Number of protein chains: 2
Amino acid sequence: MENNTPLILVTNDDGISSRGLRLLISLMKKLGEVVVVAPDSPQSGMGHAITVGNTLRLNKSDIFEGIEAYQCSGTPADCVKLAKHWALKDRKPDLVVSGINHGSNTSISVIYSGTMSAALEGAIEDIPSIGFSVCDYSHEAEMGHVHDFVIKIAEQVLKYGLPRGIALNVNFPPKRNEPIKGIKICRQTRAKWQEEFDRRFDPTGRQYFWLTGNFVNMDKGEDNDEYAIANNYASVVPTQFDLTAYHAIPIINKDWDI
Amino acid sequence: MENNTPLILVTNDDGISSRGLRLLISLMKKLGEVVVVAPDSPQSGMGHAITVGNTLRLNKSDIFEGIEAYQCSGTPADCVKLAKHWALKDRKPDLVVSGINHGSNTSISVIYSGTMSAALEGAIEDIPSIGFSVCDYSHEAEMGHVHDFVIKIAEQVLKYGLPRGIALNVNFPPKRNEPIKGIKICRQTRAKWQEEFDRRFDPTGRQYFWLTGNFVNMDKGEDNDEYAIANNYASVVPTQFDLTAYHAIPIINKDWDI
């Protein structure tokens with residue numbers, strides 16, 4: 001490898017044995033030197049969880065031929081932290097990519113997403129970072145239609161960087177009869193999960209619950225990620241970890257009697 | 001109780017037996033009818049994790065005399081979801097409060113915070129919501145100095161509501177020689193955790209890691225939450241779950257060759 005070959009850290013939330021990770025590695029190998037640090041078990045829905053008050057395991061894996069890879073007992077955010085501080089020693093990656101997730105991370109799902117927490121953790125470390133998801137929850141999700149777009153988006157980020165404090169939340173439509181039409185830079189859709197809980201009883205008669213839910217889209221706009229996906233575009237939402245609602249500061253200062 | 005008595009859902013991330021939760025319940029009882037749904041074990045650092053692909057337990061608890069309370073096997077976000085859809089049946093709370101957390105949730109810690117994920121989950125459900133934390137990690141953290149401020153802030157939110165899509169991230173300074181000076185409405189400090197990992201070996205000789213870290217404040221401003229806490233003010237950051245970096249959309253549209 002030449003010295004100007006980009007160093008690319010690859011991780012995910014579906015775990016080191018997932019098909020989406022394997023695909024992402026094979027695509028990133030075309031763009032640079034790949035190091036993998038991925039969870040040793042599925043971590044979907046882990047949000048920005050980190051492991052505190054407990055120990056972490058990090059062990060080398062030979063699962064990907066010719067690729068330096070590690071499996072970690074923690075969350076996606078733990079993987080990025082351990083990659084930086086242990087697996088990569090003092091080498092700072094030029095790019096962090098997370099995915100390819102089996103399932104949508106559009107809209108409100110971004111805050112529950114382990115895929116995106118890894119990308120945001122990269123952004124916190126001032127590394128251009130991208131989370132990739134295909135809006136198809138099946139383990140056998142078709143991903144052949146996204147290859148060129150993953151490469152294209154990663155190339156753009158390697159070339160132009162990203163504004164400070166930002167990671168990209170990239171979602172692809174499921175495989176349909178026509179090819180993906182293009183890339184739309186979007187905002188996060190205003191929507192929520194309308195949860196229900198399926199109550200059951202275990203063999204000893206004690207109750208337990210399964211989370212189920214329906215996605216409710218309250219957003220009539222055409223500049224959001226759900227609209228892009230519905231219209232067969234790849235959606236790219238620049239996503240930040242500064243959660244301050246700046247517009248609310250003057251409102252609260254005016255309202256409150258303090 | 002009269003019909004116009006506010007219904008207040010109380011939760012936390014330190015677990016149902018924590019002292020901060022007990023204090024928050026006793027303070028909220030002065031303002032309305034309290035229902036508690038809290039994790040059955042500590043959930044610090046869980047970020048916005050939810051339980052998917054696994055079952056949840058929710059059981060009544062008689063730990064708080066005269067208070068309807070439930071303990072849940074899941075995360076703080078799970079607690080709010082299960083409260084809404086099961087424990088409270090069709091009653092919508094007027095306020096969700098989470099805490100009082102033993103330890104700071106200022107600055108970047110907001111994204112790792114289970115305390116704040118519960119509050120943001122309330123905001124997603126269009127319920128005015130507040131996360132309270134005291135910047136003292138000790139289990140025996142002194143909290144007597146924050147009572148009046150917790151009541152005051154909850155009263156303001158019950159009276160004026162909050163802009164849609166926003167929860168408050170409230171932090172209090174640790175007990176110092178002088179009383180807290182007042183309340184500052186702030187933005188999230190630009191700072192990060194500089195992690196290190198302490199590597200150890202288990203009795204069988206295999207390596208494991210403990211996360212450790214130092215807080216690095218890169219922010220010179222005086223309008224942020226760390227500055228408020230350092231100067232002995234309570235900090236209130238309006239916090240949102242729309243993570244879109246709107247300012248980055250035109251930048252990416254201009255840069256990229258797509």
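In this predicted model, A:T11 finds its bridge partner in strand 5 of chain A, at A:S98. The pairing belongs to a set of four bridges that join strand 1 (residues 7-11) to strand 5 (residues 95-102) of chain A, and the two strands run parallel. Helix 1 (residues 19-28) of chain A packs on the sheet here, where it touches strand 1, strand 2 (33-39), strand 5 and strand 6 (129-134) of chain A. The direction of helix 1 makes about 140° with that of strand 5 of chain A.

Stepping back to the whole sheet of chain A, nine strands are arranged in the order 3-4-2-1-5-6-7-11-8, forming an open sheet with mixed pairing. Its edges are strand 3 (58-61) and strand 8 (183-185) of chain A, each of which pairs on one side only. From one strand to the next, the twist averages 25°. Helix 2 (residues 76-87) of chain A lies across strands 1, 2, 3, 4 (68-72) and 5 of chain A, and runs at about 130° to strand 2 of chain A.

The peptide bond from A:G99 to A:I100 is cis, with omega near -10°, and A:I100 lies in strand 5 of chain A. In chain B, the bond from B:G99 to B:I100 is likewise cis, with omega near -5°, and B:I100 is part of strand 5 (residues 95-102) of that chain.

Two non-glycine residues of chain B have positive phi values. For B:S107, phi is near 55°; this residue sits in the loop between strand 5 and helix 3 of chain B and is buried, with 28 other C-beta atoms within 10 Å. For B:D126, phi is near 65°. B:D126 belongs to the loop between helix 3 and strand 6 (129-134) of chain B, and it counts as exposed because it has 12 C-beta neighbours inside 10 Å, and 12 or fewer is the cut-off for that class.

Contacts between the chains involve 61 residues of chain B and 61 residues of chain A. On the side of chain B that touches chain A, helix 6 of chain B gives the most, with six residues. The residues of this side comprise 36 nonpolar, 16 polar and nine charged. The copies meet through the same surface, because 100% of the interface residues of chain B are also interface residues in chain A.

Conventions
Residues numbered from 1 in each chain as written. Chains lettered and ligands numbered in written order. Predicted model: local features only at pLDDT ≥ 70, side-chain atom pairs only at ≥ 80, totals over all residues. Contact = placed C-beta atoms within 7 Å. Pairing = 2+ DSSP bridges. Axes fitted to C-alpha atoms, helices over the stretch in contact; angles between N-to-C directions. Nonpolar A, V, L, I, M, F, W, Y, C, P; charged D, E, K, R; others polar. Buried ≥ 20, exposed ≤ 12 C-beta atoms within 10 Å, placed from the backbone.
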